[in-house]
Amino acid sequence: PPPRHVPARLLVTDRLPSPLHPRVPLKRGKSLRQVLKEHGLLERYLKQHPYNLASKYYHAGVSAEPLENYLDNEYFGTISIGTPPQEFTVIFDTGSSNLWVPSVYCSSLACSNHKRFNPADSSTFVGTNESVSIAYGTGSMTGVLGYDTVTVAAINVLNQIFGLAETEPGDFFYYSPFDGILGLAFPSISSSGATPVFDNMMSEGLVAKDLFSVYLSRDGKRGSFVLFGGIDPSYTTNGISWIPLSAETYWQITMDSGEPVACSFGCQAIVDTGTSLLAMPNRCCQHTARRRLPNQRQNLLRATQGLCDRGERPAGEGTGGGVLGWGDPAAGNHHPPCSRLQIDGYCTLGFQGMNIPTESGELWILGDVFIREYYVIFDRANNMVGLSQLP
């Protein structure tokens, strides 16, 4: 596993000298889907828990985090909690706001083979009587809230509130390759009003700039990271397109396009490291698949399988200008990508249909398939998302 304390390196941001910026290396491992398949459980899991990506966003009532949203995540990082530190593998999720990990109070089978936080072993832990509950498609994560020192790379966040899970949803969580989740979205969507980790980093002056940036490697390569407080200029050689946020909830932006099948009346898009695919309105998904695979309208999965086997690109898929020919989102050129995901020898399209209307237009989710094509900057100081296309 990656080391807990990662040596920071000197970066230059905005052409001015800047302090050291700690980064968390992200390891790319097997997804929950792959692990379930290896154990012969994937088919039963999918039958019992129909995938509904839409339920993560614009839910009513309790904070909802469908477990299925993390089915294909492959990027995980290490944090520690307490004094002395107790290590945990987490997903750094820009689509949620809470930090939670399993605790020794957890009686669920899912906790039995994951690292569990023990408050008695930490001299800096402060307990509360407040409960926390995050609803999943398979049940709920319930627990209590506590305060302790949370270490993310070289940053020590004192008195950080977090959830200590006492129950976890379903036996399938037993096979998850991560212990917990660290949310990086806004406080407005945090369950139980818990202050997110990055908000405390900002308020305590622990980051040089009120932003963080993400690089996700392609094709199994190493080097993925989350960088807190700075921008690595070696990943922005193609310039940065800045897009204002349209809501301070998720990292949500507005897309405009003259393309009739895409955002003819404007679209909303959420940049979400906690979702693996690119989700779009159903009508756009159908059109995109047929446009990219014009001669294979009946069986898109089989057609994509053949393309992956031969190492080919679907018709119309370019190599330049945005995400595999999609274009620059900031410029309003939104032709969705036909990315291919290869899992255990089979391939599938990297996008899916989803219908969520908003007051400002249809909703798109820009998950890891999208993020792998860009160096993405999440700027809280100016409420903007910066995108720099990777070579």
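Trainee: Hi! What should I know before I start looking?

Mentor: This is a predicted model, where local features need pLDDT of at least 70, side-chain atom pairs count only at pLDDT 80 or more, and totals for chains, interfaces and linings use all residues. Residues are numbered from 1 along each chain as its sequence is written, and side-chain values use heavy atoms, with hydrogens and water left out.

Trainee: Okay, which residues does the UniProt annotation "active site" cover?

Mentor: Asp93 and Asp272, according to an unreviewed UniProt entry. Its positions are given in the numbering used here, feature names are shortened, and annotations may be inferred rather than shown by experiment.

Trainee: What is the largest C-alpha distance there?

Mentor: It is 6.8 Å, so they cluster in space although they are spread over 180 residues of sequence.

Trainee: Where does Asp93 lie?

Mentor: Asp93 belongs to strand β6, residues 86–93. Strands (E, at least two residues) and helices (H or I, at least four) are DSSP runs, numbered from the N terminus.

Trainee: Is Asp93 buried or exposed?

Mentor: Buried, because its relative accessibility is 0%. Buried means under 20% relative accessible area, exposed means over 50%, and partly exposed is in between, using a 1.4 Å probe and protein chains only.

Trainee: And which side chain does Asp93 join in a polar contact?

Mentor: That of Ser96, at 2.8 Å. A polar contact is a pair of N or O atoms within 3.5 Å; within protein, one must be able to donate a hydrogen and the other to accept it, and residues adjacent in sequence count only if both atoms are side-chain atoms.

Trainee: Now Asp272, where is its place?

Mentor: Asp272 is in the loop between β16 (267–271) and β17 (278–280). Asp272 also counts as buried because its relative accessibility is 0%. A polar atom of its side chain lies 2.7 Å from the backbone nitrogen of Gly274.

Trainee: Why is β16 largely enclosed by the rest of the structure?

Mentor: Because five of its five residues are buried. Cys267, Ala269 and Val271 point one way from β16, while Gln268 and Ile270 point the other way.

Trainee: Which strand do four bridges join to β16?

Mentor: Strand β15, residues 251–255, and the two run antiparallel. Two strands pair if DSSP finds at least two bridges between them. Across this pairing, Thr254 stands opposite Gln268.

Trainee: Switching topic, which cysteines form a disulfide?

Mentor: Cys106 and Cys111, with their sulfur atoms 2.0 Å apart. The rule is a pair of cysteine sulfur atoms within 2.5 Å, and by it the count comes to one. Both cysteines are buried, and their link is right-handed, with 75° about the S-S bond.

Trainee: How many aromatic pairs does a search of the whole structure find?

Mentor: It finds 20. In one of them, Tyr215 and Tyr235 have ring centres 4.7 Å apart and planes at 45°, so the pair is tilted. Rings of Phe, Tyr and Trp (its six-membered ring) pair if their centres lie within 6.5 Å; planes under 30 degrees apart count as stacked, over 60 as edge-to-face and the rest as tilted.
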